[in-house]
Amino acid sequence: TRYIGDWSSDVCSSDLKRRLRDGALYVVLLAAVLLLASVADWGAIHRNFFDVTTAKALWPDLVTTAAVNTIKYTVMAFAGGFVLALVLALMKLSPLAPYRWIATVYIEFFRGLPALVVIILMGLGVPLAFQWMPPGGTVGAGVLALIIVSAAYMAETLRAGIQAVPKGQREAAASLGMGGFWTMVSITLPQAVRIVIPPLTNEFILLIKDTSLISVIGMQQNQNDLTAFGQAGLTSYANSTPLIAIAVMYLLISIPSSQLVAYLERRQQKASR
């Protein structure tokens, strides 16, 4: 009984120490917040970051031009990257060594380069070297660069998805007399895509933010994405409110997408049980 009492006393003492520690941390946090609130120049913050007049001047182009262009460039880059990634994934799984080598070199090369470098190369380097600009001008070059880079990442995702499909599925198709091509198209790929939907959705979210890099090589006013629109607003109004506005728009686009990824992952986990 004495031992049980000692154990209970130790537990209570440990619990008390934990509460005191947590309480002290809350006090420190509250003190830091109050200190920042007391020294902040709220008038300057409001004028420079939350100016209502500037925010009204951004409407509706913020949504009808900038946000729409951002989504459009993202969808184009994702669709093109997915198609190219599928080709690369099949090449990497090919029984022919040259195809595997080409796919491996491509994937490792473009995964090792920053997307910004590829965008500058396609938008400025290639036109200077070959006197040729991709369709769509600088925006087309930027989207093409994002296709090239995203394909390298999605190729590895698709390859893993294809390899995750049970081998018995292909063996069953072969026993029914189906050729390798039709087995891949009708049985393996649909299952592989379903498996890799969450990571592909993550890649889509990354592309939403990567489209901001296209503005580095320049674009016309009606082609502005959110970042280019915010930069133009910052210069025109000498105010940081446009940057806050585009940050809110990015969050309105990316947060629901992140929640969709979480939902798809939970659904996939339930399906695999």
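Which residues are buried in α6?

## Helix α6

This is a predicted model. In α6, the buried residues are A115, V118, I119, M122, G123, V126 and P127. They pack against two helices, α5 (97-111) and α7 (137-164).

Helix α6 covers residues 115-130, 16 residues in total. From first C-alpha to last it reaches 21 Å. That is close to the 22 Å expected at 1.5 Å a residue. The helix is kinked by about 40°, with the kink centred on L121. Just after α6 comes Q131, where phi is positive, at about 55°.

## Helix α7

Helix α7 (137-164) is one of the packing partners of the buried α6 residues. α7 has 28 residues, which should span 40 Å at 1.5 Å a residue.

## S212 and its loop

S212 lies in the loop between α10 (197-210) and α11 (226-237). Is S212 buried or exposed? Its relative accessibility is 18%. Buried means under 20%, so S212 counts as buried.

What does the side chain of S212 reach? The side chain of S212 comes to 2.5 Å from the backbone oxygen of K209. Leaving aside neighbours within four places in sequence, S212 is in contact with D225, T227 and Y250.

Notes:
Residues numbered from 1 in each chain as written. Predicted model: local features only at pLDDT ≥ 70, side-chain atom pairs only at ≥ 80, totals over all residues. Heavy atoms only, no water. Helix = DSSP H or I, 4+ residues; strand = E, 2+ residues; numbered from the N terminus. Buried < 20%, exposed > 50% of the residue type's maximum accessible area, 1.4 Å probe, protein only. Polar contact = N/O pair within 3.5 Å; in protein donor to acceptor, adjacent residues only side chain to side chain. Contact = heavy atoms within 4.5 Å. Expected span 1.5 Å × (residues − 1). Bend = angle between axes of the 7 residues up to and from the residue.
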